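Please take a guided walk through this structure in your viewer. Each stop names something to select and then says what is there.

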Amino acid sequence: MEPPEIQPLTADHWPAVRAIYEEGIAGGDATFETAAPAWDAWDRGHLAGHRLVAVAGGRVVGWAALAPISERSAYAGVAEDSVYVAAAAAGRGVGRALLEALVAGAEAAGIWTVQTGIFPENTASLALHRRCGFRVVGVRERLGKLGGRWRDVVLLERRSPLVD
């Protein structure tokens, strides 16, 4: 696979993005969500200017976005990331290209902390975030139920060395 081209995510990408999101949901270790939302709901929940797709061979093979963690002004520089890669493109640097571009855009916009919560079983995502400078803050035990079973979530964050 050729290196992916990172582009801004637009409404036109939504069918492909949603399919990749649904693939992650079906895998059971990517999110507490059980269904992908409609575009309008997803759009409202994510920060404009911080939504990316990876395109390789003319196809969307991954996406990443930031969501605000709070409406309080004290947290204006803190966001939560989501990174999803199509199973067919896994292990080929797509996630890293997306996360590095997402973090660079966040820093350029004055976002000082990017955080994420990952199921411990999602070892690929944990490794990706560590490679991109995230540190484990802790484990939120039995944070929520998915499929009738309690799930732990590893909380990671990356504090920008560039944003004061």
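Is Gly45 buried, partly exposed or exposed? The model is a predicted one, and in it Gly45 has 33% relative accessibility. Buried would require under 20% and exposed over 50%, so Gly45 counts as partly exposed.

**Stop 1: around Gly45**

Select Gly45 and the segments on either side. Gly45 sits in the loop that joins helix H2 (39-44) to strand E2 (51-56). Then pick Arg72 and look at the C-alpha atoms. Arg72 and Gly45 are separated by 27 residues in sequence, and their C-alpha atoms lie 15 Å apart.

**Stop 2: the whole chain**

Clear the selection and switch to a cartoon view. The protein has four helices and seven strands. Followed along the sequence, they come in the order β-α-α-β-β-β-α-β-α-β-β.

Among contacts with a separation of 6 or more, 62% are between residues 24 or more positions apart.

Then show the surface. The protein exposes about 8800 Å², and 49% of that area is supplied by carbon and sulfur atoms. Of the 164 residues, 41% count as buried.

**Stop 3: the largest pocket**

Which residues lie nearest the centre of the largest pocket? Select Ala30, Val83, Tyr84, Asn122 and Ser125, which are the ones nearest the centre among its 47 lining residues. The volume of this pocket is about 1200 Å³.

Colour the contributing elements next. Those giving two or more residues to the lining are the helices H1 (14-27), H3 (94-108) and H4 (123-131), together with the strands E3 (59-68), E4 (78-85), E5 (113-118), E6 (135-146) and E7 (149-159). Strand E4 gives the largest share, six residues.

Last, colour the lining by residue class. It holds 23 nonpolar, 15 polar and nine charged residues.

Conventions:
Residues are numbered from 1 along each chain as its sequence is written. This is a predicted model: local features need pLDDT of at least 70, side-chain atom pairs count only at pLDDT 80 or more; totals for chains, interfaces and linings use all residues. Side-chain values use heavy atoms; hydrogens and water are left out. On a 1 Å grid over the protein atoms alone, a cavity is a set of points where a 1.4 Å probe fits but cannot get out, and a pocket is an open set with protein on both sides within 12 Å along at least five of seven lines; lining residues have an atom within 4 Å of a point. Grid points are joined across faces, edges and corners, and a volume is the space filled by probe spheres set on the points. Ala, Val, Leu, Ile, Met, Phe, Trp, Tyr, Cys and Pro count as nonpolar, Asp, Glu, Lys and Arg as charged, and the others, Gly among them, as polar. Buried means under 20% relative accessible area, exposed over 50%, partly exposed in between (1.4 Å probe, protein chains only). Contact means heavy atoms within 4.5 Å. Accessible areas come from the Shrake-Rupley method with a 1.4 Å probe; for residues, only the protein chains shown count as cover.
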